[in-house]
Amino acid sequence: MGNRASGRRPFTRSRSHFADRVTADGRDGWPVAAGRYRLVASRACPWASRAVISRRLLGLEDALSLALVDPLQDDLSWRFTLDPDGRDPVLGIRFLSEAYDARETGYPGGVSVPALVDVPSGKLVTNDFQQLTLDFATEWTALHRPGAPDLYPEARRAEIDEVMADVYRDVNNGVYRAGFATDQDAYDAAFGPLFDRLDRLADRLSDRRYLVGDTLTEADIRLFTTLVRFDPVYHGHFKCNRFKLAEDPVLWAYAKDLFQTPGFGDTVDFHHIKQHYYRVHTGINPTGIVPLGPDLSGWLMPHHRQELGGRPFGDGTPPGPVRPGEEVPPSGCP
């Protein structure tokens with residue numbers, strides 16, 4: 001049933017089948033090398049958006065090229081229909097599934113983003129969204145831009161890991177467990193922990209600017225990609241409606257602060273997000289109608305979070321302008 005199964009079958013998050021790592025020492029056979037790999041991502045997908053934000057913050061644009069897929073994923077997988085002739089100009093393929101098939105024919109599981117593809121062979125390297133951005137931060141350091149922030153500081157890793165585990169279980173994955181629930185009990189079991197965790201996060205962020213320490217870390221990236229989708233899709237489409245993000249003063253200000261930080265909001269395409277969720281999940285929204293709201297102008301309003309202190313990039317600097325050709329179109333911006 002492919003995408004039509006959403007909301008009709010019990011939801012489980014599949015483990016990443018291809019978990020090879022691209023590392024500085026190349027221990028899995030994939031050494032870090034400028035120009036060798038291509039990141040395939042969707043601006044609609046929160047998991048892929050993590051990788052897009054991390055790549056930009058760390059300044060990996062020159063070392064790691066970016067392919068963006070059509071938000072209207074079909075049952076054959078993510079498509080390169082945004083490119084001329086419907087083919088990725090670097091990989092030469094029409095569907096991301098072709099890179100998966102080049103790696104392993106008849107693999108279990110679906111075709112997911114983010115995906116890192118080896119350009120010379122056309123083979124998928126990894127679709128391990130949990131590990132990929134951690135490796136960007138720790139294994140790709142030789143290719144980071146001057147002034148790149150330390151998104152996974154060694155002294156803070158235990159705390160970052162603990163926060164990220166809670167956020168993943170209850171928030172990142174919790175919205176999907178609620179949205180794709182097939183009965184009331186499954187929905188209730190996701191709804192409660194989701195909003196309990198959001199309440200706890202609001203308490204944590206009430207007197208600190210960032211989740212861990214006084215600088216941006218991987219934990220903030222992972223929470224942001226869910227929060228930025230909350231009012232446009234999760235509140236209505238996924239029935240996560242105890243409150244809107246814009247109704248929580250702490251989380252709303254925190255999300256606006258990140259959105260207005262270079263590397264975050266300039267990667268967000270609200271048009272792609274809404275098109276994907278409302279038109280692809282036909283098991284939940286069979287009419288395919290995409291709502292016209294919410295009003296996005298609030299994302300650009302003052303947040304006053306700077307009054308809490310903090311140094312967004314630590315001893316580093318913000319990323320420069322968005323790379324030409326990677327700008328979010330006006331249709332996707334507030």
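User: Which helix is the place of His-272 in?

Analyst: In this predicted model, His-272 sits in helix α9, which covers residues 270-280.

User: Why is His-272 called buried?

Analyst: Let's set its value against the cut-off. Buried means under 20% relative accessible area. His-272 has 12% relative accessibility, so it counts as buried.

User: What is His-272 in contact with, leaving aside its neighbours within four places in sequence?

Analyst: With those sequence neighbours set aside, His-272 touches Arg-43, Ala-44, Val-69, Pro-71 and Leu-82. A contact here means heavy atoms within 4.5 Å.

User: How far apart are His-272 and Ser-42 in sequence and in space?

Analyst: Along the sequence, 230 residues separate His-272 from Ser-42, yet C-alpha to C-alpha they are 8.3 Å apart in space.

User: And for the whole chain, what share of contacts between residues at least 6 apart joins residues at least 24 apart?

Analyst: That share is 72% in the protein chain.

User: How do you know that the size of the protein chain agrees with a compact globule?

Analyst: A compact globule with 334 residues would come out near 20 Å, and the protein chain has 19 Å, so the two agree. Its C-alpha atoms fill a box of roughly 50 × 50 × 35 Å along the principal axes. Of the 334 residues, 53% are buried.

User: Which elements make up the chain, and how do they run?

Analyst: There are 9 helices and 4 strands. Starting at the N terminus, the order is β-α-β-α-β-β-α-α-α-α-α-α-α.

User: What makes β3 and β4 a pair?

Analyst: Two strands pair if there are at least two bridges between them. Strand β3 (residues 115-118) and strand β4 (residues 123-126) have 3 bridges, in the antiparallel sense. Asp-118, for one, stands opposite Lys-123 in β4. The two strands form a hairpin with 4 residues between them, and Gly-122 in the turn has a positive phi of about 75°.

User: Which residues have a positive phi although they are not glycines?

Analyst: Asp-85 is one of them, with a phi of about 65°. Asp-85 lies in the loop between β2 (65-68) and α2. Another is His-304, also with a phi of about 65°, and His-304 is found in the segment after α9.

User: Why is Asp-85 called exposed, and why is His-304 called partly exposed?

Analyst: Exposed means over 50%, buried means under 20%, and partly exposed is in between. Asp-85 has 67% relative accessibility, so it counts as exposed. His-304 has 46%, so it counts as partly exposed.

User: How many positive and negative side chains does the protein chain have?

Analyst: It has 39 positive and 46 negative ones, and the centres of the two sets lie 2 Å apart.

User: What about the accessible surface: how much of it belongs to carbon and sulfur atoms?

Analyst: The accessible surface comes to about 14,100 Å², and 50% of that belongs to carbon and sulfur atoms.

Conventions:
Residues numbered from 1 in each chain as written. Predicted model: local features only at pLDDT ≥ 70, side-chain atom pairs only at ≥ 80, totals over all residues. Heavy atoms only, no water. Buried < 20%, exposed > 50% of the residue type's maximum accessible area, 1.4 Å probe, protein only. Rg over C-alpha atoms; globule rule 2.2 N^0.38 Å. Areas by Shrake-Rupley, 256 points an atom, 1.4 Å probe, with all protein chains shown as cover. Lys, Arg positive; Asp, Glu negative; His and termini not counted. Charge placed at Lys NZ, Arg CZ, Asp CG, Glu CD.
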